Amino acid sequence: MSFDQPALFAASAEPAAASFTPEDFPFFHGAAAMAETGVIDPSWVPTLLPLDHTLRTLARRLSERSLNGEQILPEPRLMLRALQLPVQRVKVLILGQDPYPTPSHPVGLSFSTDRQVRPLPRSLKNIYRELEDDLGVAPAVHGDLSAWQEQGVMLLNQTLSVGAGQAGSHQKLGWDAVTNAVITTLNRRTPAVVAILWGAHAQKLAPAMPAMVQLRSAHPSPLSASRGFFGSRPFSAVNRELQQLGLQPVDWQLPPA
C-alpha cells in the first residue's frame, strides 16, 4: 500500500521513535511461542516453524534500524496480525503491498487503519467508493476492516513492516519468505481461496497461487484507480465465487464508528 503518501505531521505532535531490541519482536521467539501468546493462530505454526531462523533475522534487522533512529511501523506485536485468522477459516485473500508509512495508520492488516484515523488513506477511500458502486454499501467513516477479517477475509501485506515516512522501505528486508510461505499454505486449501490481486505488484504473485480463484484489476491508488479499478466490482465478484464454492458470502458492510 505504499501508493499512499504519508500525511504531513508536526514532529512535536508525534512521540519519539521507540528503540526495539530483537526480543521485542514476538517473531524473534519463533512460531510456537507466537501461537502460545496469541500473536498468531496455532494453525500457522507448521507454515512458520521452518522459518524461525528467518524470523529471528528479521527481528535483528528491524532492531538495528530502530536503534539507528528509524521509526518502525506498525508496532511489533501487530506485524503478523493477519495470521490471527486460522488457516481453515480463510476464504478470501486481499493482498496488499506494504503498511501505510504514516504513524498511527498501519495496524497489521492490509488497507486497514486504526478506527480513529482521519482523514482516511486515499486508496481506502477509493475502495469504499467502489464498494458503494458495486453493492450500494455506504462508505464507512472509519478505516477499521477487522470485521472483514472476522468473516474469513485475510488482509495480508507482502511486506509486513515499513519505516515511518518511507513507503516501500522494507521491501528488501526479507519478508517475502514469510508471505510466500503463507500464500503457499493458502494455495493448498480446500475449498479454494478467492484472491483479490489489485495492481501489478500483487499480480506478480499470481503464479504462486494457481489453485486459488484470482480476481485481478488495477490498484485502488489515486494513481491507477481510474485505469481499471473503478468499475471492476470485486466485492460482488468475490461473493459469486464464494457461493459457487459452497461458502457463505462476505457481508462487506462495516460496523459504524
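## What the labels rest on

Guide: Let's start at Arg189, which touches Val87, Gln88, Arg89, Val90 and Lys91, leaving aside residues up to four places away in sequence. A contact here means heavy atoms within 4.5 Å. This is a predicted model, where local features need pLDDT of at least 70 and side-chain atom pairs count only at pLDDT 80 or more, while totals for chains, interfaces and linings use all residues. Residues are numbered from 1 along each chain as its sequence is written, and side-chain values use heavy atoms, with hydrogens and water left out.

Visitor: What makes Arg189 count as buried?
Guide: Buried means under 20% relative accessible area, exposed over 50%, and partly exposed in between, with a 1.4 Å probe and protein chains only. Arg189 has 13% relative accessibility, so it counts as buried.

Visitor: Where is Arg189 found?
Guide: In the loop between α6 (176-187) and β5 (194-198). Those elements are DSSP runs numbered from the N terminus: helices are H or I with at least four residues, strands E with at least two. The C-alpha atoms of Arg189 and Thr179, 10 residues apart along the chain, are separated by 16 Å.

Visitor: Which UniProt annotation covers Asp98?
Guide: "Active site", from an unreviewed entry. UniProt positions are given in the numbering used here, feature names are shortened, and annotations may be inferred rather than shown by experiment. Asp98 is in the loop between β2 (92-96) and α4 (122-135).

Visitor: Why does Asp98 count as buried?
Guide: Its relative accessibility is 0%, so Asp98 goes down as buried. Across the protein chain, 55% of the 257 residues count as buried.

Visitor: Where does UniProt place the domain feature?
Guide: The unreviewed entry puts "domain: Uracil-DNA glycosylase-like" at residues 83-242. Over that stretch the chain is 28% helix and 14% strand, and the end C-alpha atoms are 21 Å apart.

Visitor: How many helices and strands are there in the protein chain?
Guide: Eight helices and six strands, running α-α-α-β-β-α-α-β-β-α-β-α-β-α from the N terminus on.

Visitor: Why is the protein chain called as compact as a globular protein of that length?
Guide: The radius of gyration is taken over C-alpha atoms, and the globule rule is 2.2 Å times the number of residues to the power 0.38. The protein chain has a radius of gyration of 18 Å, close to the 18 Å the rule gives for 257 residues, so it is as compact as a globular protein of that length.
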